[in-house]
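Hi,

Here is the structure I promised to pass on. Have a look at it first, and then read on for what turned up.

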Amino acid sequence: MTESNQDLLKTPCYDLHIEAGGKMVPFAGYDMPVQYDMGVKKEHLHTRAQAGLFDVSHMGQLKLVGKNAAAALETLVPVDIIDLPQGKQRYALFTNDQGGLLDDLMVSNFGEHLFVVVNAACKAQDIAHIQKHLPADVEIEILEGRALLALQGPKAGEVLKRLLPESADMVFMDSRVVDFAGAQCIIGRAGYTGEDGFEISIPGEHAERITRLMLAEEEVEWIGLGARDSLRLESGLCLYGHDIDQTTTPVEASLLWAISKIRRTDGARAGGFPGAEIILDQIATKDVNRKRIGMVGLGKAPVREGTKLFNADGDEIGVVTSGTAGPTKGSPIAMGYVQTQYAVLDTEIFAEVRGKKLPMLIQKMPFVEQRYFRG
């Protein structure tokens with residue numbers, strides 16, 4: 001670890017994490033809380049039962065401004081951006097010329113502009129990528145200094161309704177610009193836990209005050225990056241740089257649901273994004289050498305990222321890209337890639353941990369039912 005604490009950036013909520021006893025670690029260039037006194041497992045279970053508050057201010061927040069912003073962004077993703085309704089957001093993927101994934105992102109349509117959230121570790125690369133391909137009549141505005149907080153869990157809706165009554169009629173993937181306690185905030189009903197919840201972009205100067213309002217609600221506890229990771233894995237959600245990367249196509253990654261019909265071979269705006277020929281051919285032929293799968297351990301030992309996977313004959317067939325103890329599931333869970341012929345539900349495969357081959361079953365994801373609020 002070469003990053004010294006002096007080099008690390010701090011989010012607008014940094015002092016609140018210190019006050020709450022957050023254990024701070026370097027993450028994507030920021031000093032971030034990995035856990036608090038409650039510990040990762042209890043934080044995880046609290047989010048599944050009540051409401052957890054996550055500081056994700058390290059993410060990149062951007063505005064694309066100009067009447068051709070949607071058309072411009074659509075040339076970089078295999079997703080329908082042009083027809084994204086105002087007040088809605090959509091999951092998207094930046095692809096490269098080889099069909100690999102440069103990043104995953106969220107895009108909201110606010111009419112006069114698009115609001116885009118990109119991953120922290122890819123922020124500089126993504127901004128450069130967008131800037132390189134933008135026409136002259138579309139401007140990119142980097143929203144520096146804003147906080148981004150995620151309120152997640154089955155009680156998140158009740159909590160936010162008390163503080164911001166107009167949030168009550170929002171459903172999954174709605175986005176709005178609202179006045180929240182005197183600050184102009186951008187709010188989306190979505191998140192990264194599989195639970196109902198909201199992501200709230202707050203001007204930096206108002207972040208601590210509004211965060212304290214949410215933390216004052218009895219259902220709400222701070223949750224660190226450790227539980228954020230185990231929650232998203234239980235929900236079958238990919239982590240960029242681990243489960244997906246520049247060498248992985250959306251077809252290999254089992255992300256076909258994220259490729260809009262209108263951008264596919266028979267669609268009205270087919271192709272036109274980097275790597276389209278490769279990706280659309282893979283969709284048509286189903287010809288890929290590996291597939292992302294979910295696994296549930298038959299024992300108690302968790303398997304971690306980088307663990308090799310084997311078939312019953314002892315042949316190496318793949319690798320784990322994310323693994324955890326699965327606090328809600330109650331058994332070890334993992335995702336990873338195996339040779340396509342093994343990517344069949346209920347197939348028994350083996351993870352090599354400290355010289356032992358641990359049996360795992362390939363199972364459908366998400367491992368825990370997603371509970372997004374759809375109205």
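When I say that residues meet or touch, I mean contact, with heavy atoms within 4.5 Å. One thing to keep in mind throughout: this is a predicted model.

Let's start with a pair of helices. Helix α2 covers residues 40-49 and helix α7 covers residues 225-234, and their axes come within 8 Å of each other. On the α2 side of the contact you'll find V40, E43, H44, T47 and R48. Their partners in α7 are G226, A227, S230, L231 and E234. The two axes cross at roughly 55 degrees, and an angle between 35 and 65 degrees falls in the oblique range, so α2 and α7 are oblique to each other. As for handedness, the crossing of α2 and α7 is right-handed.

Next, the strands. Strand β16 (residues 316-324) has seven of its nine residues buried, so the rest of the structure largely encloses it. It has partners on both sides of it in the sequence:

- β15 (residues 308-310) pairs with β16 in the antiparallel sense, over three bridges. Here F310 stands opposite E316 of β16.
- β17 (residues 333-339) also pairs with β16 in the antiparallel sense, over six bridges. Here V320 stands opposite G336 of β17.

The hairpin of β15 and β16 has five residues between the strands, and G314 takes a positive phi there, near 90 degrees.

T11 has a relative accessible area of 6%, so it counts as buried. Leaving aside residues up to four places away in sequence, T11 touches H17, Y30, M32, D55, S57 and H58.

Cheers

Key
Residues numbered from 1 in each chain as written. Predicted model: local features only at pLDDT ≥ 70, side-chain atom pairs only at ≥ 80, totals over all residues. Heavy atoms only, no water. Buried < 20%, exposed > 50% of the residue type's maximum accessible area, 1.4 Å probe, protein only. Helix = DSSP H or I, 4+ residues; strand = E, 2+ residues; numbered from the N terminus. Pairing = 2+ DSSP bridges. Axes fitted to C-alpha atoms, helices over the stretch in contact; angles between N-to-C directions. Parallel < 35°, antiparallel > 145°, perpendicular 65-115°, else oblique. Left-handed = near helix turned anticlockwise from the far one by under 90°.
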